[in-house]
Amino acid sequence: MKKTFVSLEQLKQVVKKYPTPFHLYDEKGIRENARRLKQAFSWNKGFKEYFAVKATPNLSILKILKEEGCYVDCSTLTELLMADTVGFNGDGIMFSANVTPKEDLLLARKLKAIINLDDLTDIDFLENVAGIPETISCRYNPGGTFAYNNVIMDTPGEAKYGFTFAQLIEGFKKLQNKGVKHFGLHAFLASNTVDNEYYPVLAKLLFETAVVLNRETGVDIAFINLSGGIGIPYHPEQQPADIFAIAEGVRKAYEEILVPAGMGDVAIYTELGRFVLGPYGCLVTTVIHEKHIYKEYIGVDACAANLMRPAMYGAYHHITVMGKEDGPCSYKYDITGGLCENNDKFAIDRMLPKIELGDLIVIHDTGAHGFAMGYNYNGKLRSAEVLLKKDGSTELIRRAETPADYFATFKF
Ligand SMILES: *Cc1c(COP(=O)(O)O)cnc(C)c1O
């Protein structure tokens, strides 16, 4: 059974201060998980986690991660501004963008971020816009399908990202001629996978590629970036990824491939978003409507504008009706928001305890790619974000939008 990190008694206090809906984050869980990740990869001297800001773009959350020794991965100008505001700079920022506007590159260079190029043509573009730095990284796309044990994990051949292998060779040589001293190699080949073999298989592919690149071009490969993609168990029947087993799998590949090639000083980087934050946030919402037609509908005060994943991908998010955790799940409901879109459903045909008006509902695992994907369709406003602190107190870390925020951009 999936448990909430907050109790009904705590929530009753919180909703007195901050009306629902809001996303709630668990400081203790976030800190402990960041420490586990760092410990799991402590075998690698240069290890760094660059948290993917897009997953949870909140300054207070980024500050907590900074205190835990994490860095940030940004892909836009606004994300770079957030990183700067929290005090990240230099090689504490990875800039992994694609279709990159000039202004974004200029700011990345100004902050001395490490730039991870997405395409061969980005080399000339970067040189013209902001100059070529001494350290640079390139994103690899091996094409085809990415399979492990005959199970297809994803299809890089259909993905818009990265250099082909031939382009990597050409690009590294070109960058070398332009004065680059240290190189990084990056790839992101599968998303949201709880399979402990994803990172080790990806690492093996990147390590082998790095050895060939080093042999063919003579460049110094300073780091290999395994990027994001480690998933979380959204469904109660799924097993969580075991970060210690994953890091050990990466270490084995490192010992087998990089060390014998004389590349035993390569730093390992990650850009995990979902794995770092996903389970440590939830969406808290109140039941405000019930409807009995051809199906049983429960309407809540949150909607897909606060959490898009179910509507967008049909994603499963576990739901707890607070105070009824131990009740029999003998009622079948669709849990809906109020958007004028029939896909605005947090759950379809979900078996739950009997729900009444006023019940508090917790939608689990919204800590990453939850609030972040919010939008203003139907004039719905973005919710607040609240931090449940280590000592059990709460802090508002982003206020809810008001109609005035929505009207602020009109010229009327
Ligand atoms: C989205 C993204 C991540 C984070 O992905 P998760 O699935 O949240 O771990 C990391 N790196 C890049 C370049 C991304 O686009």
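# Aromatic rings, cavities and selected residues

Tyr 198 is buried, and so is Tyr 199, where buried stands for under 20% relative accessible area, exposed for over 50% and partly exposed for what lies in between, computed with a 1.4 Å probe on protein chains only. The model is a predicted one, in which local features need pLDDT of at least 70 and side-chain atom pairs count only at pLDDT 80 or more, while totals for chains, interfaces and linings use all residues. Residues are numbered from 1 along each chain as its sequence is written, and side-chain values use heavy atoms, with hydrogens and water left out.

## Aromatic pairs and charges over rings

The structure holds 15 aromatic pairs, a pair being two rings of Phe, Tyr or Trp (its six-membered ring) with centres within 6.5 Å, called stacked if the planes are under 30 degrees apart, edge-to-face if over 60 and tilted otherwise. Among these pairs is the one formed by Tyr 198 and Tyr 199, which is tilted, with 5.9 Å centre to centre and 40° between the planes. One aromatic cluster is made up of Phe 41, Trp 43, Phe 47, Phe 207 and Tyr 254.

Rings also take part in arrangements with lysine side chains. The charged end of Lys 48 sits over the ring of Tyr 71, at 5.1 Å from its centre, and that of Lys 66 sits over the ring of Phe 88, at 5.8 Å from its centre; the rule asks for NZ of Lys or CZ of Arg within 6 Å of the ring centre and within 35 degrees of the ring normal.

On a 1 Å grid over the protein atoms alone, a cavity is a set of points where a 1.4 Å probe fits but cannot get out, a pocket is an open set with protein on both sides within 12 Å along at least five of seven lines, and lining residues have an atom within 4 Å of a point. Grid points are joined across faces, edges and corners, and a volume is the space filled by probe spheres set on the points.

By this rule there is one cavity of 30 Å³ or more, and the largest cavity has a volume of about 60 Å³. Its lining is built from Phe 95, Ala 97, Thr 100, Leu 105, Ile 115, Asn 116, Leu 117, Asp 122 and Phe 125. Both β5 (114-117) and α6 (122-129) supply at least two residues of this lining, and the largest share, three residues, comes from β5; helices (H or I, at least four residues) and strands (E, at least two) are DSSP runs numbered from the N terminus. By class, the cavity lining divides into six nonpolar, two polar and one charged residue, with Ala, Val, Leu, Ile, Met, Phe, Trp, Tyr, Cys and Pro taken as nonpolar, Asp, Glu, Lys and Arg as charged, and the others, Gly among them, as polar.

The largest pocket has a volume of about 960 Å³. Of the 43 residues that line this pocket, Lys 54, Arg 139, Tyr 161, Phe 188 and Ser 191 are the closest to its centre, and the elements that give two or more residues to the lining are β3, α10 (274-277) and α11. The pocket lining has 18 nonpolar, 15 polar and 10 charged residues.

## Selected residues and their surroundings

The table sets out relative accessibility for several residues.

| Residue | Relative accessibility | Class |
|---|---|---|
| Glu 68 | 9% | buried |
| Asn 306 | 5% | buried |
| Arg 382 | 24% | partly exposed |
| Met 312 | 47% | partly exposed |
| Val 362 | 1% | buried |

Glu 68 is placed in the loop between α3 (59-67) and β3 (71-74). Not counting residues up to four places away in sequence, Glu 68 touches Arg 31, Ala 34, Arg 35 and Lys 38, contact being heavy atoms within 4.5 Å.

Asn 306 lies in the loop between β13 (296-300) and α11 (309-313), and, with residues up to four places away in sequence not counted, its contacts are Pro 21, His 23, Leu 283, Gly 370, Phe 371, Leu 381, Arg 382 and Ser 383. Arg 382 in turn belongs to the loop between β17 (360-363) and β18 (384-388). Apart from neighbours within four places in sequence, Arg 382 is in contact with Asn 306, Phe 371, Gly 374, Tyr 375, Asn 376, Ala 400 and Glu 401. The C-alpha atoms of Arg 382 and Arg 399, which are 17 residues apart along the chain, are separated by 8.9 Å.

Met 312 has its place in helix α11, and its C-alpha atom is separated by 40 Å from that of Lys 45, 267 residues apart along the chain. Val 362 lies in strand β17; its C-alpha atom and that of Val 6, 356 residues apart along the chain, are separated by 9.3 Å. Setting aside neighbours within four places in sequence, Val 362 is in contact with Thr 4, Leu 11, Cys 282, Leu 283, Val 284, His 318, Ile 319, Thr 320 and Met 322.
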